[in-house]
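Here is a short report on one protein chain.

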Amino acid sequence: MIQFQKFTLDNGLTVIINEDHTTQLCAVNVLYKVGARDEHVSKTGFAHLFEHLMFGGSANIPDFDTELQLAGGTNNAFTTNDLTNYYDILPFSNIETALWLESDRMLKLDFSEKSLEVQRNVVCEEFKEHYINRPYGDVWHILRKLVYEKHPYQWPTIGLELQHVKDATLTDVENFFYKYYRPNNAILTISGGITTEKALELAKKWFGEITPGEKLNYSYPEEPEQTTAKFLAVKKDVPVNVIYKAWKMPGRVEKEYYPINLLSDVLGSGESSRLQHRLKKEQKLFTDIACYVTGSIDTGMFIITGKLSEGVNYADADKAITAEVNTIQNELIAAEELQRVKNIVEMDITSGYTGVLNKAESLAIAEMLEGANLVNIEIDRFTNVTANDIQSCAQQFLATEKCSTLYYGKDI
């Protein structure tokens with residue numbers, strides 16, 4: 001159980017505080033409710049670009065990293081399709097340094113052509129290195145576009161096209177910042193050896209006077225139900241042929257998310273999972289095979305992907321995967337198998353809540369999803385899933401006509 005208290009400042013900033021006096025450290029986490037799904041199709045990659053810009057200097061602080069390091073701290077950030085998250089960890093006696101730094105870049109970035117040019121070049125090089133010039137680098141661009149028809153999940157966080165980042169202007173950047181990087185669109189979480197009263201006092205001191213932005217109406221194109229199977233074969237000079245099979249699945253806050261998440265573990269989590277045991281070990285069709293969910297807030301993806309063994313053709317590999325999916329649609333899983341995956345999930349969740357940084361991040365993400373207390377009740381939602389729930393989800397969401405299949409490799 002993670003104990004916390006939640007407050008809302010007058011400017012709309014949500015503040016969540018977790019006292020942990022077993023440590024000399026504190027974590028300061030600032031989550032902004034903006035990700036790649038909030039971008040326009042003609043201006044993608046901006047959320048990720050901002051992850052870099054936020055370290056490029058703010059109104060009063062030209063060098064974020066140096067100031068934090070002098071206080072004995074470290075920091076980092078990540079961007080997803082749904083959110084952008086910044087975090088700092090440092091001795092609790094120096095927590096005010098992190099709050100000062102985070103508040104100053106929420107107040108105003110150093111908007112200059114020089115700063116934009118530097119970070120734009122960094123992101124462009126990252127795009128080239130990881131998505132254009134690397135084997136399999138374009139898979140997510142291809143797969144997302146194949147699966148999604150209307151939702152902005154059609155592109156990954158790096159952006160739809162390199163040119164979008166290259167063409168970003170200073171006006172574009174300022175507009176994006178003042179729309180999304182406002183206190184009323186953010187969640188500040190603090191975890192560590194500081195009292196709730198003191199943490200709230202400092203939060204008000206450093207963030208309380210920042211002007212809120214407009215109230216945002218988050219509305220995204222509804223992704224239509226898929227009624228016809230999709231298929232794409234892409235010939236690439238890569239070392240190993242790969243197959244991807246993806247189905248649209250319920251979003252992160254829907255009740256069906258829990259059984260279908262466990263279903264992915266039944267099929268592909270660990271050496272004893274069905275796909276690993278039967279298709280890799282026994283039939284030797286794959287050198288590696290996995291099943292996982294994207295965990296997106298809106299309509300997500302349930303994905304099975306495998307690297308084909310030498311000499312195995314796509315048709316045989318595809319047929320074997322389909323057979324395993326059909327089996328789980330037609331037969332209830334055993335109680336022992338269901339308990340195994342529940343144990344895995346419970347261990348993952350509880351281990352993810354150790355340490356001040358993990359707790360600060362988890363509380364912020366939970367608050368964005370449906371409320372911070374999700375961290376304390378989510379295990380029960382997994383525990384209450386039945387074998388019938390899993391079979392029902394397999395039948396409802398993993399139908400053949402709802403599948404998007406990608407063959408990717410040299411032997412097309």
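Helices (H or I, at least four residues) and strands (E, at least two) are DSSP runs, numbered from the N terminus. By that count the protein chain has 15 helices and 11 strands. Its radius of gyration is 23 Å, close to the 22 Å that the globule rule gives for 412 residues, so the chain is as compact as a globular protein of that length. The radius is taken over C-alpha atoms, and the rule is 2.2 Å times the number of residues to the power 0.38.

This is a predicted model: local features need pLDDT of at least 70, side-chain atom pairs count only at pLDDT 80 or more, and totals for chains, interfaces and linings use all residues. Residues are numbered from 1 along each chain as its sequence is written, and side-chain values use heavy atoms, without hydrogens and water.

Buried means under 20% relative accessible area, exposed over 50%, partly exposed in between (1.4 Å probe, protein chains only). A contact means heavy atoms within 4.5 Å.

| Share of the protein chain | Value |
|---|---|
| Buried residues, of the 412 residues | 56% |
| Contacts between residues 24 or more positions apart, of those with a separation of 6 or more | 80% |

The C-alpha trace spans about 60 × 45 × 35 Å along its principal axes.

Now one residue. Where does Asp237 lie? Asp237 sits in the loop between β7 (230-235) and β8 (242-249). Its relative accessibility is 77%, so Asp237 counts as exposed. Asn184 is 53 residues from Asp237 along the chain, and their C-alpha atoms are separated by 48 Å.
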